[in-house]
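Here is my note on the model, point by point. Please keep the sequence and the structure open while you read.

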Amino acid sequence: MFAKENSMYSLDRFKAAQRLRGLSLSETAQRLNLKQPTLRKYLQDERTLPSDFWENASIAFSVPESFFKNKEE
């Protein structure tokens with residue numbers, strides 16, 4: 001499972017940003033300076049996300065970090 005500090009973020013929002021930018025998993029991994037298998041494990045919740053993942057994702061997709069935050073209900 002994700003570390004508590006990452007629970008306020010949404011991988012669904014990450015995947016939406018990836019689709020909106022038209023990026024493959026390989027292209028996304030390259031933008032994040034990650035190996036493709038590592039990114040796949042993050043996206044499948046098999047590895048804990050590094051502390052700078054969301055900051056790096058916001059830079060890679062040119063969106064504010066808040067884009068990835070879960071919406072409060």
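**Notes on the model**

1. Start with Phe14. Its relative accessibility is 0%, so Phe14 counts as buried (buried means under 20% relative accessible area, exposed over 50%, partly exposed in between, with a 1.4 Å probe and protein chains only). This is a predicted model: local features need pLDDT of at least 70, side-chain atom pairs count only at pLDDT 80 or more, and totals for chains, interfaces and linings use all residues. Residues are numbered from 1 along each chain as its sequence is written, and side-chain values use heavy atoms, with hydrogens and water left out.

2. Now the rings. The structure holds 10 aromatic pairs. Rings of Phe, Tyr and Trp (its six-membered ring) pair if their centres lie within 6.5 Å; planes under 30 degrees apart count as stacked, over 60 as edge-to-face and the rest as tilted. Phe14 and Phe61 are edge-to-face, because their ring centres are 5.2 Å apart and their planes stand at 70°. Phe14 belongs to helix H1 (residues 11-21) and Phe61 to helix H4 (residues 53-61), so this pair ties together parts that are 47 residues apart in sequence. Helices (H or I, at least four residues) and strands (E, at least two) are DSSP runs, numbered from the N terminus. Phe61 is buried too, at a relative accessible area of 1%.

3. What is the angle between the ring planes of Phe14 and Phe68? It is 35°, with the centres 6.3 Å apart, so the pair is tilted. Phe68 lies in the segment after H4 and Phe14 in helix H1, so the pair ties together parts that are 54 residues apart in sequence. Phe68 is buried, with a relative accessible area of 0%.

4. Look at the wider group. One aromatic cluster is formed by Tyr9, Phe14, Tyr42, Phe53, Trp54, Phe61, Phe67 and Phe68. Arg13 places its charged end over the ring of Phe67, 4.0 Å from the ring centre. A charge sits over a ring if NZ of Lys or CZ of Arg is within 6 Å of the ring centre and within 35 degrees of the ring normal.

5. Next, H4. Its buried residues are Phe53, Trp54, Ala57, Ser58, Ala60 and Phe61. They cover an arc of only 165° around the axis, which puts them on the same side of H4. The arc is that of the directions from the helix axis to the C-beta atoms. The buried residues of H4 pack against H1, H2 and H3.

6. Most residues other than glycine have a negative phi. Asn33 has a positive phi, near 60°. It sits in the loop between H2 and helix H3 (36-43) and is exposed, at 72% relative accessible area. Asp45 also has a positive phi, of about 60°. Asp45 is in the loop between H3 and H4 and counts as partly exposed, at 28% relative accessibility.

7. Last, confidence. The chain averages a pLDDT of 89 (the predictor's confidence in each residue, from 0 to 100), and 89% of the residues score at least 70. Over residues 1-5, pLDDT stays under 50. For that stretch the model has seven contacts (heavy atoms within 4.5 Å) beyond four places in sequence.
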